[in-house]
Amino acid sequence: MRAAARELALYGLPLIEMAGTRGRAFRNGLIANRFRHVRKLTDARSQTVTQPNNDTLYSTAWLDLSAGPVRLALPRAGERYVSLALMDMFTNNFAVLRAGSVQEVIVIGPHAPSQPGAIRAPTDWVWALGRTLVAGPADLSAAHLVQDGLVAQGASNRRVIDAPLRSAPWSEYFAGVQALLADTPPPRSDGPLAGARAAGLIAPGAFDPRRFSPDQGAQIAAGLADALEIAGRGDESGERRGGWLYPKPNLGRFGDDYRYRAQIALSGLAALPIDEALYLRALSPDGRGEIDSRRPWKLTLRKGALPPVDGFWSLTIYEVTPQGQAFLIDNPLQRYAISDRSPELAGAADDIEILISPAAPSGGTKAVWLPAPRSGRPFLLSFRAYRPKPAMLDGDFLLPELRPA
């Protein structure tokens with residue numbers, strides 16, 4: 001019973017996180033099959049999506065394909081990076097559209113009649129998440145015009161299913177998972193569901209916790225706690241290269257890797273596949289991904305050896321919450337990242353030293369300051385390479401290691 005509960009909880013966690021994100025969007029006035037464009041870059045006040053970037057403006061839509069196809073129009077963006085990720089309810093990216101390569105597509109549901117050229121979604125609910133690069137505050141108006149070219153059209157007639165919090169009691173958590181699975185049926189071949197059905201955790205009709213004895217309830221609660229502890233261990237997945245944690249090749253297209261899928265749902269919901277965005281996490285000298293903010297650190301980018309990308313790159317710092325999520329840090333400069341668009345890097349003739357610490361460097365140093373948490377909580381240091389070149393993907397180019405300052 002404990003093992004079945006653990007596996008079902010891990011399997012259902014992406015559904016919980018996706019449905020929670022969807023529910024917040026609709027409660028805030030979002031309408032199905034319509035885009036809402038965020039006009040400001042993400043800052044420390046945003047506490048919704050974990051590990052957001054501070055490089056792009058987000059455009060979000062929840063597509064309801066149960067009433068028919070949805071038509072998507074993409075803008076003409078020139079050299080500006082614009083992408084539109086289409087994710088099913090299990091957080092798999094089944095398509096990533098790029099502005100310039102396609103101007104209009106039709107998305108159909110899993111059981112809809114085929115249409116020539118249409119993209120078939122694995123689930124009737126789809127999260128469409130657009131990213132539009134911004135070069136800086138003066139570029140916002142131009143970026144807004146590009147965002148306005150991202151449009152969705154289609155009918156909707158479906159009720160939004162609410163999701164419990166991941167911290168809910170086991171009875172509420174598994175009732176929510178069962179309701180979401182009924183609303184978004186998974187492939188019958190998915191392994192964890194067989195054990196859950198055999199244990200009675202998935203049954204016809206509504207989930208009824210009274211069917212379980214007190215001892216069984218204790219086992220189910222323990223399985224849920226096991227799952228949440230495993231989901232919080234995102235550092236165990238991936239490959240360590242030169243002081244950085246690289247994602248697994250199946251990031252964003254998880255297949256049957258339900259454990260990894262749950263870990264990313266908790267630590268990096270809506271992560272793109274690695275051919276679109278390579279996400280690296282800095283490791284401290286002892287190999288941990290959560291880094292001590294009570295001491296200063298430095299990262300030195302070598303002159304003439306900047307990251308090779310076809311899109312853009314950025315280095316972003318996050319404060320880790322007690323729940324294991326990571327959000328941008330409030331600081332006097334409102335600086336959350338160093339990127340290839342940072343003024344301090346423009347035309348740099350020497351190596352670039354980035355100082356990461358709660359306190360600003362002294363006036364005599366030439367280091368670029370990236371503010372760390374003042375709360376004493378650990379931080380994450382995330383490097384993003386959008387549309388990375390092969391040298392980044394295969395490890396021929398390695399970032400420098402994070403060092404004590």
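Setting aside residues up to four places away in sequence, Leu8 touches Phe174, Val177, Leu181, Leu193, Ala196, Leu201 and Ile202. Before I go on, please keep in mind that this is a predicted model.

So what does Leu8 belong to? Leu8 is among the residues with the most contacts inside the largest nonpolar core, which has 48 residues. Trp62, Trp127, Tyr173, Phe174, Leu181 and Leu201 are listed alongside Leu8 there. Two or more residues of this core come from each of α1 (2-27), β2 (56-64), β8, α3 (170-183), α4 (191-198), α5 (214-231) and α6. Which of these elements gives the most to the core? That would be α1, with twelve residues. As general background, nonpolar side chains tend to be buried together in soluble globular proteins.

Now let's turn to the empty spaces. A probe the size of a water molecule, rolled over the atoms, shows where empty space is left. How many cavities of 30 Å³ or more does the structure hold? There are two.

The largest cavity has a volume of about 430 Å³. Its lining is made up of 29 residues, and the closest to the centre are Gln51, Ile264, Ser267, Gly268 and Tyr279. If you want to find the lining on the structure, look at β8 (125-133), β11 (244-246), α6 (258-267), β12 (277-282) and β19 (379-386), each of which supplies at least two residues.

One last stop is Thr42, in the loop between β1 (36-37) and β2. Is Thr42 buried or exposed? Thr42 counts as buried, because its relative accessibility is 11% and the cut-off for buried is under 20%. As for its surroundings, leaving aside neighbours within four places in sequence, Thr42 is in contact with Pro52, Asn53, Asn54, Tyr58, Leu328 and Tyr336.

Notes
Residues are numbered from 1 along each chain as its sequence is written. This is a predicted model: local features need pLDDT of at least 70, side-chain atom pairs count only at pLDDT 80 or more; totals for chains, interfaces and linings use all residues. Side-chain values use heavy atoms; hydrogens and water are left out. On a 1 Å grid over the protein atoms alone, a cavity is a set of points where a 1.4 Å probe fits but cannot get out, and a pocket is an open set with protein on both sides within 12 Å along at least five of seven lines; lining residues have an atom within 4 Å of a point. Grid points are joined across faces, edges and corners, and a volume is the space filled by probe spheres set on the points. Helices (H or I, at least four residues) and strands (E, at least two) are DSSP runs, numbered from the N terminus. A nonpolar core is a set of buried Ala, Val, Leu, Ile, Met, Phe, Trp, Tyr and Cys residues joined through side-chain atoms within 4.5 Å. Buried means under 20% relative accessible area, exposed over 50%, partly exposed in between (1.4 Å probe, protein chains only). Contact means heavy atoms within 4.5 Å.
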